Amino acid sequence: MAEALAMAGARVGILGRRAERAEAVASDLKSKGAETLALSANVLDRDSLTAAKDAVLKQWGAVHLLINAAGGNLPAATVAASENIFGMSTQAFQQAVELNLTGTLLPSLVFGEAVVQSGGGVIINVSSMASARALTRVAGYGAAKAAVENLTRWLAVELGHRYGGAIRVNALAPGFFIGAQNRDLLLERDGRPTDRGRAVVAHTPAGRFGQPDDLAGALVWLCGPSARFVNGIVLPVDGGFGAFGGV
């Protein structure tokens with residue numbers, strides 16, 4: 001997503017807890033001619049987010065886009081078929097909610113204020129197919145992403161009313177993409193789909209997992225002037241998974 005925005009002409013700040021990862025992504029984008037900035041911050045720490053915002057304002061003088069892509073799941077917040085559902089760790093559940101929900105709210109508060117002060121712009125949150133449909137195992141993650149969608153609509157309404165449409169808030173809801181956190185759930189070591197992976201593909205009319213580039217067009221559109229009257233929506237990028245009833 002960072003590359004898609006950079007190739008569309010945006011100056012992109014790469015923010016993450018691990019400075020070396022942010023530097024690596026920023027360096028790669030710079031090699032492709034993009035103007036980027038590596039930022040170290042934790043989305044659950046308001047002071048570090050404020051420092052990152054100040055660094056962006058010092059470098060570029062304005063903030064017009066915020067992409068809230070931090071999030072994920074915790075092994076202890078999942079419940080396998082062989083486990084006792086009533087023994088679920090409520091602490092891990094709360095941690096999953098905090099990472100995904102509070103980790104979306106805090107950057108929105110810190111950087112959203114800068115967007116308003118910069119004359120307006122866009123906030124894009126990242127939801128999930130787990131928000132609208134109950135998926136097995138991922139109780140904490142699904143509940144958290146459902147809350148992210150509600151927060152998206154709430155921010156769109158409140159900010160729209162208060163600032164006359166100067167700031168829009170929308171969300172992307174990716175389908176099943178292979179990432180570091182879910183690779184072992186969806187793929188065998190030799191790259192073949194696991195039983196769960198085969199079930200996912202069978203319920204995806206596109207007949208495959210998502211590829212990173214599949215998110216690029218939707219993101220650039222939501223951030224650009226063509227979507228200037230689009231506010232408070234959750235856009236699925238899921239290969240048809242959400243449309244399929246299973247029969």
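Guide: Two strands are said to pair if DSSP finds at least two bridges between them. Strands (E, at least two residues) and helices (H or I, at least four) are DSSP runs, numbered from the N terminus. The model is predicted: local features need pLDDT of at least 70, side-chain atom pairs count only at pLDDT 80 or more, and totals for chains, interfaces and linings use all residues. Residues are numbered from 1 along each chain as its sequence is written, and side-chain values use heavy atoms, with hydrogens and water left out.

Visitor: Which residue is the bridge partner of G121 in β5?

Guide: The partner of G121 is I167. β4 and β5 pair in the parallel sense over six bridges.

Visitor: What is the order of the strands in the open sheet?

Guide: The order of the four strands is β3-β4-β5-β6, with parallel pairing. β3 (65-68) and β6 (234-237) stand at the edges with a single partner strand each, so one side of each has no neighbour in the sheet. From one strand to the next, the twist averages 20 degrees.

Visitor: And which helix packs on the sheet, touching β3, β4 and β5?

Guide: That is helix α4 (residues 90-117). Its direction makes about 175 degrees with that of β3; contact means heavy atoms within 4.5 Å, and angles run from 0 to 180 degrees between N-to-C directions, with axes fitted to C-alpha atoms, for helices over the stretch in contact. Helix α5 (residues 139-163) lies across β4, β5 and β6, at about 160 degrees to β5.

Visitor: How many residues of β5 are buried?

Guide: Eight of the eight are buried, so β5 is largely enclosed by the rest of the structure. Buried means under 20% relative accessible area, exposed over 50%, and partly exposed in between (1.4 Å probe, protein chains only). I167, V169, A171 and A173 point one way from β5, while R168, N170, L172 and P174 point the other way.

Visitor: Changing topic, how many aromatic pairs does a search of the whole structure find?

Guide: The search finds one. F176 and F241 form an edge-to-face pair, 5.1 Å centre to centre with 65 degrees between the planes. Rings of Phe, Tyr and Trp (its six-membered ring) pair if their centres lie within 6.5 Å; planes under 30 degrees apart count as stacked, over 60 as edge-to-face and the rest as tilted.

Visitor: Is F176 buried or exposed?

Guide: F176 counts as buried, at 18% relative accessibility. F241 also counts as buried, at 8%.
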